[in-house]
Amino acid sequence: MEKYKIEKDSVYEIPIRFLVASVSRWQSWPTDRCTCRSSGSTLRNTFTVRLEEIMPIELWQGLLIPFAGTTLGAACVFFMRNNLSELVQRALTGFAAGVMVAASVWSLLLPAMEQAVDMGRWSFVPAVVGFWLGILFLLGLDRLIPHLHHGSAEAEGIKSSLGKTTMLTLAVALHNIPEGMAVGAVYAGWLYGDSGITLAGALALSLGIAIQNFPEGAIISMPLKAEGFSQSRSFLYGMLSGAVEPIGAILTILLAGILVPVLPYALSFAAGAMVYVVVEELIPEMSVGKHSNIGTILFAVGFTLMMTLDVALGA
């Protein structure tokens, strides 16, 4: 069989053009034409890609803002000498929990029910189904992935020979999966339209997640530094714990793009996953040790901050 010959632009150049365009603010490239000849016949395929419509710069900004929050938090190892005190860690954990609960309600569950308003009195069904699927999904990951929570002496998940540092990082990464899914679901609602989700509302969620990611990055990197790890290695582990967020967000956007009608389920799915993390991990962590109300107070601060961001920017 005679091999196909690409007369003009190789199809392998299309991904390269895609990446180059992302750096140059997603300007449209001219039509890419691939001409294939075999046995005298010509097959002409025209690929017209308007990149600014498929993956606009606003989308990439929204996906990377939460990751930037984790990275900046992990960078605390370069300018903070002492480890975070137990009281500070509990306060930051409570703050993160408050942000996640508020985001689950205002940014995810309420929009999910609004998108299902055509179902009348049954508009709650996608929210309930998606919420429970998110709970069960995180429950499964919690049972499967070996991880170790800060302050705990016993690892969770399947038995593994992984080191303590790796399992601490996996614990935060497991926490960050639903956050990435939440950001991806909200931006999918904005990207595909007809969902009532505005760009400002999606940005509000990204900013809220980034704010609560900052202390998370520090909570990973600072204890590692105190245990004798180098600054650069402690920073790397802290940063990598947040790398799952943009990955989870992109996968959620792709899924919603394939099956647009499932978007209400995707939003509530992310909400269920986030609530699982709050109840299973964050609330116990902010309550350990000597009794203090600092975690509860910071929970309220995080909750009201995220609520304010969503209502003020999402209107």
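Predicted model: local features only at pLDDT ≥ 70, side-chain atom pairs only at ≥ 80, totals over all residues.
Which residues have the most contacts inside the largest nonpolar core?

**View 1. The largest nonpolar core, 45 residues.** Leu108, Val186, Leu205, Ile253, Leu267, Met274 and Leu282 have the most contacts inside this core. H10 gives the largest share, 12 residues.

**View 2. Surroundings of Val186.** Neighbours within four places in sequence are left aside. Val186 then contacts Ser107, Leu108, Ile197, Ala202, Leu205 and Leu267. Another core, of nine residues, lies apart from the largest one. Ala74, Ala75, Ala218 and Ile219 are among its members.

**View 3. Helix H3 (residues 57–74) against helix H9 (residues 244–258).** The two axes come within 8 Å and cross at roughly 145°. The crossing is right-handed. From H3 come Leu59, Trp60, Leu63, Pro66 and Phe67; they meet Glu245, Pro246, Ala249, Ile250 and Ile253 of H9. The contact residues divide into nine nonpolar, no polar and one charged.

View 4. The model holds seven aromatic pairs. Phe78 and Phe235 form a tilted pair, 5.4 Å centre to centre with 50° between the planes. Phe78 is partly exposed, at 43% relative accessibility. Phe229 and Tyr237 pair edge-to-face, at 6.3 Å and 80°. Tyr237 is buried, at 18%.

**View 5. An aromatic cluster.** Ring pairs link Trp106, Phe299 and Phe303.

Methods: Residues numbered from 1 in each chain as written. Heavy atoms only, no water. Axes fitted to C-alpha atoms, helices over the stretch in contact; angles between N-to-C directions. Helix = DSSP H or I, 4+ residues; strand = E, 2+ residues; numbered from the N terminus. Left-handed = near helix turned anticlockwise from the far one by under 90°. Contact = heavy atoms within 4.5 Å. Nonpolar A, V, L, I, M, F, W, Y, C, P; charged D, E, K, R; others polar. Core = buried A, V, L, I, M, F, W, Y, C linked by side-chain atoms within 4.5 Å. Buried < 20%, exposed > 50% of the residue type's maximum accessible area, 1.4 Å probe, protein only. Phe/Tyr/Trp six-rings, centres within 6.5 Å; stacked < 30°, edge-to-face > 60°.
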